[in-house]
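Please look through the sequence and the model below before reading on.

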Amino acid sequence: MLNYYSYPHTTSKEWVTFVHGAGGSSSIWYKQIRDFKKQFNVLILDLRGHGDSKPKLKDTFNSKYTFDAITNDIVEVIEHLKIKKSHFIGISLGTILIRNLAEKRPELVKSMIMGGAIIKLNFRSQVLMKVGNIFKSVVPYMLLYKLFAFIIMPKKNHKKSRLLFVNEAKKLYQKEFLRWFKLTSEINPLLRFFRTKDINIPTFYIMGAEDHLFLPSIKNIVSKHLTSSLFVVENCGHVVNVDKPEVFNNQTIQYISSLP
């Protein structure tokens, strides 16, 4: 089972589950835990191969991960803790996993809060993935990761987020990085399906105004999907919860509290 940390609340029945992105770990939520556990039951977890979720023995022989397999890892923890329904908060690739979980097990999802959400890869990010695929076996993975981090979070005020993700990624093994990187071959058809289907679950997108790769497609999807809304954080990049933690916490807690 994945490594996880749960913070039960003495009176609240509401659960909030945090899902980090590729190369991160549960530690990226350190600026959220204090505020959220005052009001909700909180669950944070390390995705497989990240943080303290060490690769399983069977993963050693299986070179490929799938979004469904990684989503099932999350469901396993939820069911183990007997959580009937949770709000899910994700960042970056974590938002794809949450949307996939909502597709497979909608009864577990009360709402989806998507920070730095990925719903479409534009031409620039598709080129980035293709270049990564070509060089992934010959270039040290940390060099690739640093390049990706810089392209996604290029500005001076994104430096803290960049460093946090690069430092977390250093804890991954080369093989683990390659397994996650191969997931990108699944991304396009999955995202295309998510864009066409408006799932009937309240969805709140919170995006940095400087998230140049992903914000335009989120604006487009919110204009079409009735159950979703968007809040754009000024002077902020891709990793909203790290760049602007106070705004992120206030807006997301306010959103959860407003739901019936």
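For the lining described below, Ala, Val, Leu, Ile, Met, Phe, Trp, Tyr, Cys and Pro count as nonpolar, Asp, Glu, Lys and Arg count as charged, and the others, Gly among them, count as polar. The model is a predicted one, in which local features need pLDDT of at least 70 and side-chain atom pairs count only at pLDDT 80 or more, while totals for chains, interfaces and linings use all residues. Residues are numbered from 1 along each chain as its sequence is written, and side-chain values use heavy atoms, with hydrogens and water left out.

Rolling a probe the size of a water molecule over the atoms shows where empty space is left. Here a cavity is a set of points, on a 1 Å grid over the protein atoms alone, where a 1.4 Å probe fits but cannot get out, and its lining residues have an atom within 4 Å of a point. Grid points are joined across faces, edges and corners, and a volume is the space filled by probe spheres set on the points. By this rule there are three cavities of 30 Å³ or more.

The largest cavity has a volume of about 490 Å³, and its lining is made up of 28 residues, of which Ala22, Met129, Tyr145, Phe148 and Ile152 lie nearest the centre. Helices and strands are DSSP runs numbered from the N terminus, a helix (H or I) having at least four residues and a strand (E) at least two. Helix H5 (123-135), helix H6 (141-152), helix H8 (174-182) and helix H9 (184-196) each supply at least two residues of the lining of the largest cavity, and H6 gives the most, with four residues.

The second largest cavity has a volume of about 80 Å³. Its lining divides into five nonpolar, four polar and three charged residues, and among the residues that line it are Arg99, Lys197, Asp198, Tyr205 and His225.

Arg99 leads on to helix H4, as it is one of the buried residues of that helix. A residue is called buried under 20% relative accessible area, exposed over 50% and partly exposed in between, with a 1.4 Å probe and protein chains only. Eleven of the twelve residues of H4 are buried, so this helix is largely enclosed by the rest of the structure. The expected span of a helix is 1.5 Å times one less than its number of residues; H4 (residues 93-104) reaches 17 Å from its first C-alpha to its last, close to the 16 Å expected.

Helix H3 (residues 67-80) has 14 residues, which should span 20 Å, and its end C-alpha atoms are 20 Å apart, in agreement. Its buried residues include Phe67, Ile70, Ile74 and Ile78. H3 is followed by Lys82, which lies in the loop between H3 and strand E4 (86-91) and counts as exposed, at 72% relative accessibility. Lys82 has a positive phi of about 60° although it is not a glycine. Most residues other than glycine have a negative phi. Asn235, in the loop between E7 and H11, also has a positive phi, near 50°.

In the loop between strand E7 (228-233) and helix H11 (240-243) one also finds His238, which counts as buried because its relative accessibility is 3%. The side chain of His238 makes a polar contact (a pair of N or O atoms within 3.5 Å; within protein, one must be able to donate a hydrogen and the other to accept it, and residues adjacent in sequence count only if both atoms are side-chain atoms) with the side chain of Ser92, at 2.8 Å. Contact in the wider sense means heavy atoms within 4.5 Å, and, not counting residues up to four places away in sequence, the residues that His238 touches include Ile91, Gly116, Ile152 and Asp211.

Asn41, found in strand E3 (residues 41-45), is buried, with a relative accessible area of 4%. A polar atom of the Asn41 side chain lies 2.6 Å from the backbone nitrogen of His9.

Conventions
On a 1 Å grid over the protein atoms alone, a cavity is a set of points where a 1.4 Å probe fits but cannot get out, and a pocket is an open set with protein on both sides within 12 Å along at least five of seven lines; lining residues have an atom within 4 Å of a point.
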